Amino acid sequence: MFSKVLIANRGEISLRIIRTCKEMGIATVAVHTTVDQDAMHVRMADEAICIGTPRSPGNKESYLSFSAIISACEITGSNALHPGYGFLSENAEFVEQLEDHEITFIGPSSKHIKLMGDKITAKEKMLELGVPCVPGPNESIETVDRALSVASDIGYPVIVKASAGGGGRGMKVVNSQADMEAAYLAAQQEAGASFGNDEVYLEKFLPHGRHIEIQVLGDGMGNAVHFGERDCTIQRRHQKLLEEAPSPLLDGKKRSHIGEICAEAIAEMGYEGVGTIEFLYQDGEFYFIEMNTRLQVEHPVTEAIFGIDLVKQQINVAAGNPLELKQGDLVPRGHSIEVRINAETVPDFIPCPGKVGLYHSPGGLGIRMDSFLYNGYTVPQNYDSLIGKLISHGETRTIAIAKLKRALEELIVHPISTTAPLFQLLLEDRDFLDSNYDIHWLEKWIQQNGKLLKNQ
Ligand code: ADP
């Protein structure tokens, strides 16, 4: 087992990883920038090391700097690195450099990150492994003419997507032939600007999909399990805001069927670590869209219903141990919902960083709050606006919702505006309660409820 793990991240996910390391008797090292010197992850880790000034656009400093982070590992004698999510968690080149420095990356091999990081090769591989995919050719679309001919084959509406895409960028829906040229060029331009790679591809646009993803874990030795699904359909601008497990739409048979396909695919690939295979689910069918080769923000809902620490599992397999879990022993219990507490105004979602005068975290049976806030902490403007994740777990969906509503009432983050009021209203909504929505529903709901949200 590792003696010391460096966590190449910040915020709530750093704390999440430090907690498990402590429980496993592993020493931890935090990295931080000058604006993060008073951050909770710095206080909670056994050691901390400053890796520079905050990130400025287009500048690969601090949390994104290979050399700063690898030096921090060497200076502190860390023999393993946990990347969390975001930052360098899906950067194959970084993982190759760690391999060269004999620092174990707690995650998959650079080969698998590369394969899944390109959505065209990912789709190709998944099709080969028997995973159902969104209709569309797995090829780079290099001209508007080619885009027009592919679209007429698969039928409008279609979506142009960046093959290096992430965070919902570089995607354009095309409803008819007349809109193709503008959409194609816009997607290509956005992809180039966001990912330094303007390659795009085309697939069928599914207008009423639900976002359902399967959590998998493999040990790189051909053993793999799945932990069922998470339903992340409640999204705004392709960004998840509320996630739950299980999905209210699936029964045990459907769950096992898709779960087994995913676990078998992972086993066949020799994949090591946790991963998420994302699907759109429409009219009773699954369509693969992408695989994330890292821990997800929403992993706690899976942990809640399976009673399993996914970070501990990641560390175990990264240390070279075979999978200690058997599929037959993984039985979900109850229902869990996570809401993302962002430092943003509603309904406009304008970032709202600043000093937290008073913070009170909710608690009680079936409530988990993963946050790095404390009284007097200043949320910096330099980073993501996620300041906490509030997770409930109850015997049924109705009970999980009741617990979450009660916990949201307890939460105080004064005087910062947060997304909490949005969830207070959403959790009362009839369509939400009936699970009657698709991936586009929340944006319309926000528009319709703008006034009410402002007054919350
Ligand atoms: P990213 O890597 O940028 O997150 P994804 O491929 O995971 O991109 O897609 C993000 C979101 O975009 C999905 O959850 C869904 O809302 C929407 N989307 C992606 N592909 C399609 C599609 N073929 N049809 C309809 N919506 C899509």
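**Close-up 1. Thr 233, a buried residue of strand β10.** At 1% relative accessibility, Thr 233 counts as buried, a term that stands for under 20% relative accessible area with a 1.4 Å probe and protein chains only. The residue lies in strand β10, which spans residues 224-236; strands are DSSP runs of E with at least two residues, numbered from the N terminus. The model is predicted, so that local features need pLDDT of at least 70 and side-chain atom pairs count only at pLDDT 80 or more, whereas totals for chains, interfaces and linings use all residues. Residues are numbered from 1 along each chain as its sequence is written, and side-chain values use heavy atoms, with hydrogens and water left out.

**Close-up 2. Polar partners of Thr 233.** The side chain of Thr 233 makes a polar contact with the side chain of Arg 210 at 3.4 Å, the term denoting a pair of N or O atoms within 3.5 Å, of which, within protein, one must be able to donate a hydrogen and the other to accept it, while residues adjacent in sequence count only if both atoms are side-chain atoms. A polar atom of the Thr 233 side chain also lies 2.9 Å from the backbone nitrogen of His 211.

**Close-up 3. Polar atoms around the ligand.** A polar backbone atom of Lys 204 is 2.9 Å from a nitrogen atom of the ligand, and a polar backbone atom of Gly 166 is 3.5 Å from an oxygen atom of the ligand. An oxygen atom of the ligand lies 3.0 Å from a polar side-chain atom of His 238.

Terms used
Helices (H or I, at least four residues) and strands (E, at least two) are DSSP runs, numbered from the N terminus. Buried means under 20% relative accessible area, exposed over 50%, partly exposed in between (1.4 Å probe, protein chains only).
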